[in-house]
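User: I would like a close look at a single part of this model and at what surrounds it. Please keep the terms plain.

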Amino acid sequence: MDDVAGLSVAERDELFLRRSFEAGRRAVAHGNHPFGAVLVDANGQLLLEAGNAFMPSHDGTAHAERLLCTEASTTFGADVLKHSTLYSSAEPCAMCAGAIYWTGIGRVVFGLGEARLKAITGDHPENPTLDLPCRTVFAAGQKDIEVVGPLLEDEAATLHEGFWAAQK
């Protein structure tokens with residue numbers, strides 16, 4: 001990854017959010033749902049990337065953020081995680097927000113908001129979107145987790161263009 005030291009916070013957020021979009025596109029190329037996530041430390045160092053892994057086992061819990069959190073919690077210490085940012089192509093669902101909370105990640109930036117995702121996917125059986133914003137999940141806890149998003153929402157929505165209708 002290029003040097004990010006000279007970038008503003010907003011520029012860094014857009015750069016790494018787009019990296020999560022790339023992870024989502026790779027997930028689709030591997031037969032999975034169009035979701036991706038990346039973890040970046042306080043210095044802008046890319047630590048982890050994950051894409052959705054629903055297939056081949058049809059694991060409904062194999063969301064990109066949850067998979068990333070599982071790896072992060074067993075790889076990095078609490079101090080690194082507290083000062084890291086998880087970038088997600090879409091707003092973390094309640095399950096993923098819980099994983100982020102328990103992992104101790106201090107900041108989340110997401111592209112596509114939960115409400116817009118629900119409008120795109122409708123009642124698709126592989127993505128019965130919960131109408132529970134991640135901010136609500138985090139607010140119920142005892143940790144301060146900064147949330148930025150939706151950001152680049154139109155760009156994030158392009159990951160889903162035609163995907164869900166083709167999966168029915």
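This is a predicted model: local features need pLDDT of at least 70, side-chain atom pairs count only at pLDDT 80 or more; totals for chains, interfaces and linings use all residues.

Analyst: Residues are numbered from 1 along each chain as its sequence is written, and side-chain values use heavy atoms, with hydrogens and water left out.

Helices (H or I, at least four residues) and strands (E, at least two) are DSSP runs, numbered from the N terminus. Helix H1 covers residues 9-29. Its buried residues (buried means under 20% relative accessible area, with a 1.4 Å probe and protein chains only) include Phe16, Leu17 and Phe21. The buried residues of H1 pack against S1, among other elements; contact here means heavy atoms within 4.5 Å.

Strand S1 covers residues 36-40. It is largely enclosed by the rest of the structure, because 5 of its 5 residues are buried. Gly36, Val38 and Val40 point one way from the strand, whereas Ala37 and Leu39 point the other way.

S1 has two pairings to consider (two strands pair if DSSP finds at least two bridges between them). With S2 it pairs in the antiparallel sense over 5 bridges, and alanine 37 has alanine 50 of S2 as its bridge partner. These two strands form a hairpin with 5 residues between them, and glycine 44 in the turn has a positive phi of about 85°. S1 also runs antiparallel to S3, to which 4 bridges join it. There, valine 38 has tyrosine 87 of S3 as its bridge partner.

Leucine 39 deserves a separate note. Leaving out residues up to four places away in sequence, leucine 39 touches Gln45, Leu68, Ala72, Leu86 and Ile105, among others. Leu39 is also one of the residues that touch the most other members in the largest nonpolar core, which has 21 residues. A nonpolar core is a set of buried Ala, Val, Leu, Ile, Met, Phe, Trp, Tyr and Cys residues joined through side-chain atoms within 4.5 Å. S1, S2, H2, H4, S4 and helix H6 (134-139) are the elements that give two or more residues to this core.

Helix H2 (residues 64-75) has 12 residues. Ala64, Glu65, Leu68, Cys69 and Ala72 are buried in H2, and the buried residues of H2 pack against S1 as well as S2, H3, S3 and H4.

Notes
The expected span of a helix is 1.5 Å times one less than its number of residues. Buried means under 20% relative accessible area, exposed over 50%, partly exposed in between (1.4 Å probe, protein chains only).
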